[in-house]
Amino acid sequence: MVIEWNAHMFSRDTERFPFYPKAAYAPDPSRLEADPLVAYLNRLETEGIDRAVLVHPEPYGDDHRLVKDCLEREPERFRGTSLFYPKDPDAPKKLADLVDREPRIVATRFHAHRGKEMYLDRFGDAGVLALWEKAGELGLVIELHIGPNYGSQVRDVIRDHSDFPVLIDHLAEPHKGSGVEFADILDLGRFENVYMKLSGLNHFSKDEPHYRDAMPFTRWVAEAFGPDRMVWGSGPVSVVDVHLEHWSEADRAKVKGGNVAGLLDWT
């Protein structure tokens, strides 16, 4: 089974699905699909992807109407993630209410890297911990879109919440930190509840379509987390076969979807 965990849905219909006024960024509506779900379903068929976890994007803030619409239309094939603001004292309750209304929400996402410090000050902040703990109580995956400079901070939270599954996005955006800082990311591989996503290669490599120039780096990361805790997330699924060709076909199948299926109990 092949499962992609990465796609953002954006709709041209900004009246039905308005952008958050203080969003970190906003796409040009004229460049968006009238029905993004149809376009994405075409991608799944073309790439041979069986299922997908839709990642609720930042421009919609904590308004989840679009991802909910997609989940309602494809309830068997999709799961979704959420986004709330740790500085909002009502965020944990809002998360619980969303999951109660839409149980196909399987994760909540935290953003923190250089150039994106507006969501939180530190991972030890009370608001972050309250939202993290609520997500764990609800059985959600804690998805971290972090840079290398936040590795030491999240290590302390992960250590104190070892029962809560954690997924690090986009190889922890290695280009947004130093090698010394990235050592803290590799150190997270010692926690059995932490998964790493093989995604975002296009953020620092132009060697399309498989980004072969990044292979020494991705293999380094893959060895730190191992075949049971690597997850594929974007680009052609054949990226997994190219970057992890030294692993067995069975191990690469785990990365392509088996690990996500197990993590979400999605059988």
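1. The model is a predicted one, in which local features need pLDDT of at least 70 and side-chain atom pairs count only at pLDDT 80 or more, while totals for chains, interfaces and linings use all residues. Residues are numbered from 1 along each chain as its sequence is written, and side-chain values use heavy atoms, with hydrogens and water left out.

2. Among the 70 residues of the largest nonpolar core, those that touch the most other members are F78, F110, F123, W132, L144, I146 and L188; such a core is a set of buried Ala, Val, Leu, Ile, Met, Phe, Trp, Tyr and Cys residues joined through side-chain atoms within 4.5 Å. A second, separate core of 15 residues includes I3, W5, L167 and Y195.

3. On the aromatic side, the structure holds 13 pairs, where rings of Phe, Tyr and Trp (its six-membered ring) pair if their centres lie within 6.5 Å, and planes under 30 degrees apart count as stacked, over 60 as edge-to-face and the rest as tilted. The pair Y20 and Y85 is stacked, because the ring centres are 5.3 Å apart and the planes stand at 25 degrees. Y20 lies in the loop between strand 1 (3-5) and helix 1 (36-47) and Y85 in the loop between strand 3 (78-83) and helix 3 (91-101), so the pair ties together parts that are 65 residues apart in sequence; helices (H or I, at least four residues) and strands (E, at least two) are DSSP runs, numbered from the N terminus.

4. Y20 is partly exposed, with a relative accessible area of 29%, whereas Y85 is buried at 15%; buried means under 20% relative accessible area, exposed over 50%, and partly exposed in between (1.4 Å probe, protein chains only). The rings of F123 and Y150 have their centres 5.9 Å apart and their planes at 75 degrees, so this pair is edge-to-face. Both F123 and Y150 are buried, and together with F110 and W132 they form one aromatic cluster.

5. The open sheet has 8 strands in the order 1-2-3-4-5-6-7-8, with parallel pairing, two strands being paired if DSSP finds at least two bridges between them. Strand 1 and strand 8 (230-232) stand at the edges, each with a single partner strand, so one side of each is left without a neighbour in the sheet.
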